[in-house]
Amino acid sequence: MKILVIDDDKPFRSTLCRFLAGRGHVLETAECGLVGLNLLEKDRVDLVFCDLQMSGMDGFSFLRIVREKFPGLPVITMSGDGNLDNAVAAFREGAFDYLKKPIGIEELAHCLEKLAQISVS
């Protein structure tokens, strides 16, 4: 699967990409939502991991645009604040899932399995 990881925290982005690459996925990365959208315009991906709180274009704005331009593209949102209101808002904007940072390996694997099951159906 080709996955785009959007997060302004470079060490976190690198760690997540190493985990996903170790599971056989092909990765693209972006440090903000605007760069992520530019990448989506140029190349197709199967899944996006997107931080909700970034400077410039935040994850909520990114989600709204993705729903318009790329309907059906699953976006897994991530946030370090654990705010329940942000999780609800992300789902309302069309997020496939919401993960609280730091993300556990089991939680990440479960999320990918859930997506795979839905994709097969």
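Author: In strand β3, Leu47 is the bridge partner of Ile3. Helices (H or I, at least four residues) and strands (E, at least two) are DSSP runs, numbered from the N terminus. The model is a predicted one, in which local features need pLDDT of at least 70 and side-chain atom pairs count only at pLDDT 80 or more, while totals for chains, interfaces and linings use all residues. Residues are numbered from 1 along each chain as its sequence is written, and side-chain values use heavy atoms, with hydrogens and water left out.

Within β4, Val75 is the bridge partner of Val48. Between β3 and β4 the chain passes through helix α3 (residues 59–69), and this β-α-β crossover is right-handed: with the strands pointing away from the viewer, the path from the first strand over the helix to the second runs clockwise.

As to burial, β3 spans residues 47–51 and is mostly covered, with 5 of its 5 residues buried. Buried means under 20% relative accessible area, exposed over 50% and partly exposed in between, with a 1.4 Å probe and protein chains only. Leu47, Phe49 and Asp51 point one way from β3, whereas Val48 and Cys50 point the other way; all are buried.

How values were computed
Pairing = 2+ DSSP bridges.
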